[in-house]
Amino acid sequence: MAIPGITLRQLHYFCELAATGNFRRAAERARVTQPSLSAQIQLMESQLGRPLVERGGSATLLTPLGREILERAQTILAEVKALHDIAAADPDGLTGTIRFGASPTTGPYLMPRVVVRLHREHPDLRLHVREGNPDELVRELATGRHDVVLAQLPIAGDGLVVERLFREPLLLAMAADDPLAAHAAIEPHLLAGRGLLTLSPQYRLSDQIQAFSDSVGAHVLRDYEGNSLDAVRQMAGMGMGLALLPELYVRSELRDMSDVAIRPLASRSVDRELGLVWRQSAGRVSAYRRLAHLVASTAHALE
């Protein structure tokens, strides 16, 4: 059986078309004319013997085969980029462009300080930061949309390298007039029967809070799941329940808030572990390890 002569250019054009859903916009992103891009997509379909896109509607949709091909095309392009990364790597490593994915429960409260340090200490590095939930970040890491990902551990996956960074305490937030606010630190047994607010289950922090709630006899208020830490904090401030919030968030966002009281847990610590994750095949191990060290040291400086 002959191997179809599909080119990297065709795969790149196809991925741009899938991302934009429009031949004109895809051509603009690929910096080619629309007829050139369209001709390459048609040639790719001819080589495979089946259509990859549906034509004729207001938006260009992928066929079922096209969706399957897209995932493989993204992986192939990511691996090719890894080859260039290996060739471009230098002893320092922190140059060029790194696409950085971060969880919304960590990124906004740590990455601004990391970016300031990188700009000062490594001016030749460009860091493109994008937020997403942990599962989404790991999927996009595998397909090459991100080079590294900062998220709560554990994270597992074939071909991934996990660099543990630091452990971050979780602090208890409550309405300022909650009786528990009279305590300097909260004994876990005082939470029995109380309702705990949390994020939606797509965040690992949600699973951790559920496990903690079960261990102290509290209950998670699933009817009031927040879509952000700010939403959870606001509900806690209105007395709708208690919340366990990451320390970095508390330090960054709650210094001047009068609607909530923040207390540590007594006789028992609850924390989460953060890590930096990248593809084993990426070829910039030195750079990513240096970046991991910088992120961890920045976090420790905030303690």
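Buried means under 20% relative accessible area, exposed means over 50%, and partly exposed lies in between. In this predicted model, Asp271 has 25% relative accessibility and therefore counts as partly exposed. Arg167, at 47%, is also classed as partly exposed.

Arg167 and Asp271 form a salt bridge, with 3.2 Å between the closest N and O atoms. The pair connects distant parts of the chain: Arg167 belongs to strand β6 (residues 160-175) and Asp271 to strand β11 (residues 271-279), 104 residues apart.

## Other salt bridges

The whole structure contains 20 salt bridges. Side chains of opposite charge can pair when their charged atoms come close. One of the bridges joins Asp178 and Arg194, at 2.6 Å from N to O. Both residues lie in the loop between β6 and β7 (195-197), so this pair ties together parts that are 16 residues apart in sequence. Asp178 counts as buried because its relative accessibility is 12%, while Arg194, at 27%, counts as partly exposed.

A network of salt bridges links Arg130, Glu136, Glu140 and Arg145.

## Helix α2

Helix α2 spans residues 23-30, and its buried residues include Phe23, Ala26, Ala27 and Ala30. These four cover an arc of only 100° around the axis, which means that they sit on the same side of α2. An α-helix has 3.6 residues a turn, so residues three or four places apart point the same way. The cover over the buried residues of α2 includes α1 (8-20), α3 (34-48) and β1 (53-54).

At the N-terminal end, Asn22 caps α2, with a side-chain oxygen 2.9 Å from the backbone nitrogen of Arg24. After the helix comes Arg31, which has a positive phi, near 60°.

Arg24 also takes part in a salt bridge with Glu28, at 3.0 Å from N to O. Arg24 and Glu28 are four residues apart in α2 and therefore separated by about one helical turn. With 43% relative accessibility, Arg24 counts as partly exposed.

## Nonpolar cores

In soluble globular proteins, nonpolar side chains tend to be buried together. The largest nonpolar core here has 64 residues, and the members that touch the most others are Phe100, Leu191, Leu245, Leu276 and Leu291. Leaving aside residues up to four places away in sequence, Phe100 touches Met111, Leu127, His128, Val129, Arg130, His146, Val148, Leu150, Leu276 and Leu291. Another core, of 19 residues, lies apart from the largest one; among its members are Ala26, Leu37, Leu52 and Leu65. Ala26 is also one of the buried residues of α2.

Note on methods
Residues numbered from 1 in each chain as written. Predicted model: local features only at pLDDT ≥ 70, side-chain atom pairs only at ≥ 80, totals over all residues. Heavy atoms only, no water. Core = buried A, V, L, I, M, F, W, Y, C linked by side-chain atoms within 4.5 Å. Buried < 20%, exposed > 50% of the residue type's maximum accessible area, 1.4 Å probe, protein only. Contact = heavy atoms within 4.5 Å. Helix = DSSP H or I, 4+ residues; strand = E, 2+ residues; numbered from the N terminus. Arc of directions from axis to C-beta. Polar contact = N/O pair within 3.5 Å; in protein donor to acceptor, adjacent residues only side chain to side chain. Salt bridge = Lys/Arg side-chain N within 4 Å of Asp/Glu carboxyl O.
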